[in-house]
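I set aside some time today to look through this model and jot down what I found. Here are my entries, in the order I made them.

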Amino acid sequence: MAIPDKIAAANKINDLLKGIVANGGLRLKYRITVDPPLAEQRDWERPEILVEFVGPDSPLLLERGGELLRSIEFLALEMLRLPGNEHEKVCFDCMNHRGMRLEELRLAAGVAAEKVRKTKMPYEFAPMSSRERRIVHLALRDQSDLRTQSEGEGLRRYVVVYPENYKPAMGKPSRKTLP
Amino acid sequence: MGEPSKIGPTGDMRALIEQIAKALVDDPAQVSVNQVEEAGESVLELTVGPNDLGRVIGKQGRTARAMRNLLSAAGLKFNKRFTLEILE
């Protein structure tokens, strides 16, 4: 399902950001694009509203893995009241942080896949957001000798890569959960 | 679309939290933020209507955490600590 009224949503985001930038004393400018052209190699990621920041405070947005960028994005999503499965329709970016993180995750997924093949043991990623977990799942979706699943709860959820026919040893039972 | 930012640290953390809270809740008229100066830090006390508490706290406290992240990042620019308290 698409965002019902993208222009109205973009205007609401603009009002929110105008206040955040001014009240927060942030030296940032931003551009909001409705239905941006699709980035190459990101065919499965189709944001309907793209917000790009530039300015001297860009590094502040990107500290600790883009924590502030994601916080502002989250507040915008909450304001729009988009259900969780539609969060990717709105995308906040700065200095191509998303693109670079995507590349990093794909490389990490490739390394993890090789490790699992060699050791025949599962590999656990660090906890990640649902979007980032999705990138890892998708990066490995065509590897028929492996399977991936998300484990853990809430903010501690992480991706595990398993050999296809892996049988868990005694102890920690594996729990099947949705990504 | 887009607005040029003001240059320089001319921020107002109380207004920042008030504006965000008003955007999040069902009843913006009941939103108020009181700024209290304590030893070395400013405490921002956010009050919202009883039905809107969940809107400003969020699942697993994520909305409140996002506002606190924003406060501490902006606070860095003023060399000042800001704390957000959500009053029930």
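**Start of the helix.** I began at the start of α1(A), where a side-chain oxygen of A:Asp5 comes to within 3.2 Å of the backbone nitrogen of A:Ile7. I keep in mind that this is a predicted model.

**Buried face.** Next I listed the buried residues of α1(A), among them A:Ala9, A:Ile13, A:Leu16, A:Leu17 and A:Ile20. What do the buried residues of α1(A) pack against? In chain A I found β1 (29–34), β2 (49–54), α2 (58–80) and β3 (90–94), and in chain B α1 (13–24) and α3 (62–78).

**Cores.** A:Ile13 turned up again in the largest nonpolar core, which has 52 residues; A:Ile13, A:Phe53, A:Phe92 and B:Leu46 touch the most other members. I noted that α2(A) gives the most to this core, 11 residues. Apart from it I found another core of 14 residues, including A:Met128 and A:Val136.

**A buried arginine.** Last, I looked up A:Arg157, in the loop between β5 (146–151) and β6 (158–163) of chain A. A:Arg157 is buried but has no salt bridge, and the nearest side chain of opposite charge, A:Glu153, is 4.9 Å away. I did find the backbone oxygen of A:Gly152 at 2.6 Å from a polar atom of the A:Arg157 side chain.

Key: Residues are numbered from 1 along each chain as its sequence is written. Chains are lettered from A and ligands numbered from 1 in the order in which they are written. This is a predicted model: local features need pLDDT of at least 70, side-chain atom pairs count only at pLDDT 80 or more; totals for chains, interfaces and linings use all residues. Side-chain values use heavy atoms; hydrogens and water are left out. Helices (H or I, at least four residues) and strands (E, at least two) are DSSP runs, numbered from the N terminus. Buried means under 20% relative accessible area, exposed over 50%, partly exposed in between (1.4 Å probe, protein chains only). Lys and Arg count as positive and Asp and Glu as negative; His and the chain ends are not counted. A salt bridge is a side-chain nitrogen of Lys or Arg within 4 Å of a carboxyl oxygen of Asp or Glu. A polar contact is a pair of N or O atoms within 3.5 Å; within protein, one must be able to donate a hydrogen and the other to accept it, and residues adjacent in sequence count only if both atoms are side-chain atoms. Contact means heavy atoms within 4.5 Å. A nonpolar core is a set of buried Ala, Val, Leu, Ile, Met, Phe, Trp, Tyr and Cys residues joined through side-chain atoms within 4.5 Å.
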